[in-house]
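Please look at the sequence and the model first.

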Amino acid sequence: MTATLTGVMVAASAGAMVWVGSASAATTPGVLFRDPESQAVRWLAANPNDSRAGVIRDRIASQPNGRWFTTYQPNSVTSEVAGFVGKANAAGSVPLLVMYALPNRDCGGASAGGAPDIASYKTWAQQFAKGLGSRRAIVIVEPDALALQTCLDDSKIAERDGAVAFAAKAIKDANPAAKVYLDGGHSNWNSPDEQARRLVAAGVKTSADGFYTNASNFRRTADEVAYGKAVLTQLNAPQLHFVVDTSRNGSGSLGDQWCDPAGRAIGEAPTLNTGDPAVDAFLWIKPPGEADGCQGGAGTFSPDVAYQLATNGSPAQSQTATSPAPSQTASSPAPSQTATSLGWRSLLSLLRFLWSWR
């Protein structure tokens, strides 16, 4: 078990990426943190001989993803956050943290729970922020909090907006180096102008670095980038950028199905180098294999779901240009296979050429 965890931890320190879109992008290196205690890694340690283990290890567990903080425990959340961030700092990596403890989160759906009330949530958020330290971190604030408000009346919406803004400001006050992103929904949900209005109401212009799209969803990256830029246009705030969750969008969406739909695939590998100054990162906010609530309890790891996502998707590209990810190493043809393939192609080309001169 120790060897398995250590192997993933060592891989976390390889490579270097930059903050695209930030003023210090040219001089500030950073690589996203691969969580050595993710549910996928723990499942692999407990099931090393499972027939699905190799694919899940190479294509999912080898990649950085978000650590979700979902349990309302104000007395321990500071130490939990500090422990996770500390491991990322030791690896020279940038941790991705997801806050998910608002009251009535998910509007009472599969992920219902959270703090008992807004005042309690604010206390929890302050305690969360205290654990972040002073080095770079990415914080995703409350998925669905702004896009999904159908269960709330106007007063409750205003209360929630205030809580989200409070959490973002608490993070920035505790650690100005943290990058904070608020809920931007996705391209098939609210219109860009409506989502921009909700983001402004939740303090995106004063307390955050931007917003995220596609969290726990399946919309293709190109659609999300276009949508995110449309939201930015509506916000008219040049300092803001956005990030996209690419964890499960490799084969796009399946209509309006969101709860563990079949046939989905992992998408682009997480990276801070998107090549687009408006897009700070492609992230795996929703760890692939953690169920939505249909193929297992919401947030629990399902090896069947993970295996399907991994086998349907292309091997994720490594964050480092000089050291291929295990998935690439495992899936690339051996030199002898490559040579054989090229030999047959050359022979076929020669035969076609000779036939043309008959």
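The points below are grouped by topic.

This is a predicted model, in which local features need pLDDT of at least 70, side-chain atom pairs count only at pLDDT 80 or more, and totals for chains, interfaces and linings use all residues. Residues are numbered from 1 along each chain as its sequence is written, and side-chain values use heavy atoms, with hydrogens and water left out.

**Nonpolar cores**
- A nonpolar core is a set of buried Ala, Val, Leu, Ile, Met, Phe, Trp, Tyr and Cys residues joined through side-chain atoms within 4.5 Å; buried means under 20% relative accessible area, exposed over 50% and partly exposed in between (1.4 Å probe, protein chains only).
- The largest core has 52 residues, of which Leu 97, Met 99, Tyr 121, Phe 128 and Leu 182 touch the most other members.
- Leaving aside residues up to four places away in sequence, Phe 128 touches Phe 69, Val 77, Thr 78, Val 81, Leu 97, Met 99 and Val 139 (contact means heavy atoms within 4.5 Å).
- A second, separate core of 15 residues includes Ala 40, Trp 43, Leu 44 and Trp 284.

**Helix H10**
- Helices (H or I, at least four residues) and strands (E, at least two) are DSSP runs, numbered from the N terminus.
- Pro 303, Val 305, Ala 306, Leu 309 and Ala 310 are buried in helix H10 (residues 303–312).
- Seen down the axis of H10, these buried residues fall within an arc of 160° (taken from the directions from the helix axis to the C-beta atoms), so they line one face of the helix.
- They pack against helix H2 (39–46) and helix H3 (53–61).

**Positive phi**
- Asn 104, not a glycine, has a positive phi of about 60°; its place is in the loop between strand E5 (96–99) and helix H5 (118–130).
- Asn 104 is partly exposed, at a relative accessible area of 35%.
- Asp 144, not a glycine, has a positive phi of about 75° and is found in the loop between strand E6 (138–141) and helix H6 (154–174).
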